[in-house]
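Me: I'm new to this one. Could you take me through a single part of it, slowly and in plain words?

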Amino acid sequence: MNIITKRFDLGDGRIIEIETGKLAKQADGSAVVRMNDTMLLATVCAKKEAGENVDFMPLTVDYQEKYAAMGRFPGGFFKREARPSEHEILIARLVDRALRPLFPSNFHAEVQVQITLISGDKNTMPDQLAALAAASALAVSDIPFGGPVSEVRVSYLDGKYVINTPLQDIERADLDLIVAATEENIMMVEGEMKEVSEDIMLGALKAAHEAIRIQCRAIAELTVEAGKTEKREYCHEINDEELRQRVHDSVYQKCYDFSKQGIANKHQREEGFENIKKEFIEANYTEETLTDDIKFMIDRYYHDTEREAMRDMVLNERTRLDGRQLDEIRPLWSEVSYLPSAHGSAIFTRGETQSLSTVTLGTKLDEQIIDGAVIEGTRRFLLHYNFPAFATGEVKGNRGLSRREVGHGHLAWRALKEVLPTEAECPYTIRVVSDILESNGSSSMATVCAGCLALMDAGVKIRKPVAGIAMGLISKGDKWAVLSDILGDEDHLGDMDFKVTGTRDGITACQMDIKVDGLSYDVLAKALEQARQGRIHILNHIESTIPAPREDYKPFVPRIVQIQIPKDFIGAVIGKGGEVIQKIQAETNTIINIEEVGDQGIVDVASQNKDDIEAAIKWIKEICTVPEVGQVYMAKVVSIVEFGAFLEFLPGKEGLMHISEYQWGRTETLEGLIHEGDEFEVKIIAIDEKTGKLKLSRRALLPKPEGYVEEKPAPRERTQRRDGDRGGRRDGGHRDGDHGGERRRSGSNDRRH
């Protein structure tokens, strides 16, 4: 067994270890990466040959967290790992975006990368190690790959950049990025910020790149020690160089000239370019001579030539496919409250990209439960992004949520969550849904803008409006052009897709994919500044549509009132088996949620009816009231006994009104005077210090009759009478019965005192 291990230091004593040759040796490549107690196993396998007429890279990256890695059982009925969670999909996408550009352009064999969390600790996030593990597995395989590449997490914490930040510190960081890079070039960036400046953002990229270079060198050494510097030979494309040249010579200028026309309509542009290819085919081939193989090669060569011509046009003419200037934003229009029944709604349209977004406000019961192997908890802000086929005029089956939809929704979620009010300011669970109705580039950024408008329409007091813009880049030699608000075609033909979101004061989220070598920090700085200017332009439009969040929620939005109660009373409000809280909810038509926070119970009461909320809160406060001598309450008769009556004067709180405390003068019996369910005011006249039993009096609230003289009991009676037993019968047998009855009741049902 040839086990190879590489170790390197992050610079602060924290060690990362790469090991290969021990696990999963039948895979084309495998490696284990460890930092602290977090361990990832990465494997890679590739087919020997490509499928027929495949001209793309069929790469699949999967990431899975084993619950056993954290010493936990999976949830659910089956108690086993199931389909990937959104968290796992997002990590897989980060790795995919780092690896995909580095495979040879003519390598089309199917490749599968599987990354598995096999051990974890609660302070070392596995996402920052996933690409390192995958790249290490590729490095010790014979699969052609242009690495090494790796990823790190970089945070801006207390004025310093921290690499692979401990989980406990991530929440308080001003910036949290995952950055992927080779030793020479940054490849991918994704993360969130607390309105940081463009300078801090660039500093984070530089700090991350320095750390990644150390990892790339370790991977390169691993490749040499494993003897995998020579990669497999392959031949996945059949080419006809004479045909390639003929296609280029025939269509290049036509594509260039057509690109210069500045046609804004996406479908018209597509049709025009398609006609150029069609003319070439008709001029050179008949139905008999146009074989499937020739048609396949023509499609490939035409695509390459069209891309080259469009890029050259932009660099030479300094204008865009739709006629815009390099930094010009497409026409904007938006509208709020379009949907009458939604809690908040907005349409945002930029050029041919349109999002219809809604906001729904719910209670704590609507929070999303996060039950991952590493991350547990709840989420009160949700954002879901949907991209139906009709948005691009296509016919496709609806096969459920795609990874792309998960990723775009998460980016928009990151962009908006920074400006949301605190839970104390807005106790709602908030769900934003963006349905993309048209798409021609930057639908995730349209989601940010539409989501911001919908939140303000719903009356959610966001701190500041947020907008998003997608930046592009076209470069050739020493020529380059940064494009603002890119089209779908410009994303496809360009060298960079850089999405930036933020307020007027700073960046809140970003996502960048770079497809070109040697991108300088000067170009990135130019892109960030151009993005800031575009963002301000869009924010001006958003504020002209709705300048600030609505003063109040819409009439049909459930109201939530939050109160605090002593922690000791949480159990009393809930009741045995939830009996009390369920009764309150049923009788007041409310939804109640209670959480223990410190030494307080935080109670949320929700209903569309204000009176119902007030009734529920009154009920809860009464349960939490501590009775005191001298207080007066409206009480209900619960039961009548020979020596008095038990009365409920607060929810769940009862006391004894002795027969002598019903009225002034002698009362022989309470029968006929009161009945179960009767209500009248009583006063607390005594609380037993030892037992806490309460003594109530109706008589104490009645005017004392003029000349009234209190009867004094006989000496024998006085010795037998219990404390607080005033008045009563003269008959000793009856009195003994009174005492016996009180003792039996106290012994059998202490809850009434």
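Reply: Strand S23 and strand S24 (residues 600-607) pair in the antiparallel sense over seven bridges. Here a strand is a DSSP run of E with at least two residues, a helix is a run of H or I with at least four residues, and both are numbered from the N terminus. Two strands count as paired if DSSP finds at least two bridges between them. Within this part, Ile-591 sits opposite Ala-606 in S24.

Now widen the view: three strands make up an open sheet, ordered S22-S24-S23, with antiparallel pairing. Strand S22 (559-566) and strand S23 (591-597) are at the edges with a single partner strand each, so one side of each has no neighbour in the sheet. From one strand to the next, the twist averages 20°. Helix H14 (residues 610-623) packs on this sheet and touches S22, S23 and S24; contact means heavy atoms within 4.5 Å. The direction of H14 makes about 155° with that of S24, where axes are lines fitted to C-alpha atoms, for helices over the stretch in contact, and angles run from 0 to 180 degrees between N-to-C directions.

A word on the source: this is a predicted model, where local features need pLDDT of at least 70, side-chain atom pairs count only at pLDDT 80 or more, and totals for chains, interfaces and linings use all residues. Residues are numbered from 1 along each chain as its sequence is written, and side-chain values use heavy atoms, leaving out hydrogens and water. The protein averages a pLDDT of 89, and 94% of the residues score at least 70; pLDDT is the predictor's confidence in each residue, from 0 to 100.
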